[in-house]
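Subject: Structure for you to look at

Dear colleague,

I am passing on the structure below, together with notes on what was found in it. Please look it over before reading the notes.

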Amino acid sequence: MPGIEKLPIEETLEDSPQTRSLLGVFEEDTAAISNYCTQLYQAMQRIYDAQNELSAATHLTSRLLKEYDKQRFPLGGDDEVMSSTLQQFAKVIDELSSCHAVLSTQLADAMMFPITQFKERDLKEILTLKEVFQISSDDHDTAINRYSRLSKKRDNDKLRAEAVEDVYTSRKKQHQTMMHYFCSLNTLQYKKKTALLEPLLGYMQAQISFFKLGSENLTQQWEDFLGTIGTSVQNVRREMEEEVGQMQQTIQDMERSCDPLYAPCDPDPSHSPVCRNLTRKQGYLYIRNKTGLVSSSWERQYFFTQGGNLMQQGRGEVAGGLVTDLDNCSVMAVDCDDRRFCFQVTSFDGKKVVTLQSESRKDCEEWISTINNISKRIYLSENAEELAARVNQSALEAVTPSPSFQQRHESMRPSSKGRAGRASSISSVGSEPSPALSVLSLDALVDPETPIQFDIISPVSEENSGQSKTAAQSGRRSNPFGESGDSTSEDSEDSILHQLFIVRFLGSMEVKTVESIDVISETMRQILAARAIHNIFRMTESHLLVTCDCLKLIDPQTQVTRLRFPLSTVVQCSSHQDNKRLFGFVLQPAGGRGDTRAVCYIFESNNDGEKICDSIGLAKQIAFHSEMDRKAVEKRKEQDKAKEKQQEELSKQRQIEKDLEEQSRLIAASSRPANLPGSDGQFLVLSNSQSEDSDAGEEGKKKGESEA
């Protein structure tokens, strides 16, 4: 007979998706066998029932024929020939009834018993093992999830011990149940053949025994055939017994050897050291998936490396899917608030970031080393492990507490050897400088001895003491987040332009001049070379807000402003010539361009760096036009005020002239004699108005004299 397919019991502990997929195939085969055996059992049951019915019907016919003489027929009751004939028929039929009864008994023992035993015992046993395996698998998943959710901040030895014990028990139970389940499925491949052949063999033997009474010629022919079938059945049964013995021995050996592997972490790290020369690795990891703006979930998947790709495969899936490309990628250990043993893989273009979690620190370090080796394309060489052993540079300490700026200045000051290495690596990291620039001209732009700041130091901590003193003196409360409550936020809210970009801070350093267009490019070269020399992989991610007033670096988690750059101090902004995601800008202090203390900031963005530079240029244009419009409005207001003032002076002058004329008229009227006689000897009498005018004239005259 052809070879029997088997499930690999040795791979039950790893429990890979390939093994689960193969298990699914065997389970489908078991379901098909169960369905087919049920139908065959029903058909054979009908044969057995029909044979019993035939035997009973034959016996009833024989009895009825024997009772013919006892019948009282109105006609022909005394027919002796008919009676004797029927008696002979009754005798023969009675013998046939006995043969049918023997055949029914043989069918029950040789045909129905094997298939009933296979259906009721073997198939139900496999179904029971399947349920027990599913329960143990679910318990193992629950235990491993509980172990993975152990908080790093609230580390409790009792909870950790309980979680480790739970993982050990559930994994051992799953492994043992899975091995016995695989053994039963492998055994089923043999039993299904015997279960199908033995009933048929019994059926044919019963039929041959039945037909031997009538046909001796068929007996020899069928006996040879059935003898061959019986020999084959015995051989399959003997092979099955040998295979069952080997599988039982394998199960016992693996139970003894795999006991230390049930625990998720090795209690003795020296017993199994970390292997840093791997170029291929596979195993279960947790991957973080974003479910909302700030929320995320963790999912357990089977990950493996294939060439330069990281693949993942879920349970029940036939093939794996691509997660990310590992060529020229970056990998580093990260600190997660709710998980331990996490590391992060960033693609070469920075557009895709994958956060993964392993079961232990050893597994995490091996994954980081393997991905780091693959990113350097070591797997393409013939002796990959030997090459990895020579060039492997560990990135496990990438996440370290950031020292102060002065400490970085002392510890990261490049020596002459470092500068030589930096000069050799500049050509591969940054863009080429302009042909007119020599080494002296590059040093004139950026001093190689200038310290580089790789982390954003918020001014809150540095100015906290000064703010507290000022607040104590003025009696006002200070903002603990370092944001002032002045009109800065109101100005940014009233700004016409609001553009937000996701950037990562690479570094900053002082430059000697801001007049050259190559100062940003040279600063990029210096910072990237220093990062490569000192193996600095950490980058602080922030949100860059571009407005018409300033540039702000905002913390994406707390929305606190880390740094604020007034737009008037930004004198240059440009992107990298080759890598368009790199950009930088130069800040000039308020002292003017004569001040040499200018600082160049370098960033990496998810979008095109030219877009950010264009946005900053647009903001400066808008700010320039707004300033021009403001000055024009102020000038127009001053002109309007001057005109109003001139009109007021003219009106005052006219009023003064009018008053002087009135006073002159009154003075002239008052200088005339009061009662002069007329020519006809009569007196001239003044009217009331004239008298009042004269009085007013006198008062005005007196007033004029007093004023004079």
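Helices, here, are DSSP runs of H or I with at least four residues, and they are numbered from the N terminus. With that in hand, helix 2 covers residues 80-148. Please keep in mind throughout that this is a predicted model.

The chain as a whole

The secondary structure comes to 15 helices and 14 strands. The chain has 708 residues, and 37% of them count as buried. Among contacts with a separation of 6 or more, 69% are between residues 24 or more positions apart.

Confidence

The mean pLDDT of the chain is 75, and 75% of the residues reach 70 or more. Residues 393-440 have pLDDT below 50, although this stretch has 73 contacts in the model beyond near neighbours in sequence. Residues 674-694 also have pLDDT below 50, and that stretch has ten contacts beyond near neighbours in sequence. Where pLDDT is low, the predicted coordinates should not be read in detail.

Is S137 buried or exposed? S137 counts as buried because its relative accessibility is 2%, and the cut-off for buried is under 20%. Apart from neighbours within four places in sequence, S137 is in contact with R20, Q174 and R315.

G584 is found in strand 13, which covers residues 582-587. G584 has a relative accessible area of 0%, so this glycine is buried. Which residues does G584 contact, leaving aside neighbours within four places in sequence? They are I520, M524, Q572, C573, S574, Y601 and I602. C613 is 29 residues from G584 in sequence, and the C-alpha to C-alpha distance between G584 and C613 is 8.3 Å.

Two loop residues with positive phi

N328 is not a glycine, yet its phi is positive, at about 60°. N328 sits in the loop between strand 4 (321-325) and strand 5 (330-334).

Q559 likewise has a positive phi of about 60° and is not a glycine. The loop that holds Q559 runs between strand 10 (550-554) and strand 11 (561-566).

Cavities

How many cavities of 30 Å³ or more does a search of the whole structure find? The search finds two. The notes here concern the second largest cavity, which holds about 30 Å³ of space. Its lining consists of Y284, L285, Y286, R300, Q357, S358 and E359. Strand 1 (residues 282-290) gives the most to this lining, with three residues. Sorted by class, the lining has three nonpolar, two polar and two charged residues.

The loops with N328 and Q559 can follow, and then the lining of the second largest cavity, with Y284 and R300 among its residues.

Regards

Methods. Residues are numbered from 1 along each chain as its sequence is written. This is a predicted model: local features need pLDDT of at least 70, side-chain atom pairs count only at pLDDT 80 or more; totals for chains, interfaces and linings use all residues. Side-chain values use heavy atoms; hydrogens and water are left out. On a 1 Å grid over the protein atoms alone, a cavity is a set of points where a 1.4 Å probe fits but cannot get out, and a pocket is an open set with protein on both sides within 12 Å along at least five of seven lines; lining residues have an atom within 4 Å of a point. Grid points are joined across faces, edges and corners, and a volume is the space filled by probe spheres set on the points. Ala, Val, Leu, Ile, Met, Phe, Trp, Tyr, Cys and Pro count as nonpolar, Asp, Glu, Lys and Arg as charged, and the others, Gly among them, as polar. Buried means under 20% relative accessible area, exposed over 50%, partly exposed in between (1.4 Å probe, protein chains only). Contact means heavy atoms within 4.5 Å. pLDDT is the predictor's confidence in each residue, from 0 to 100.
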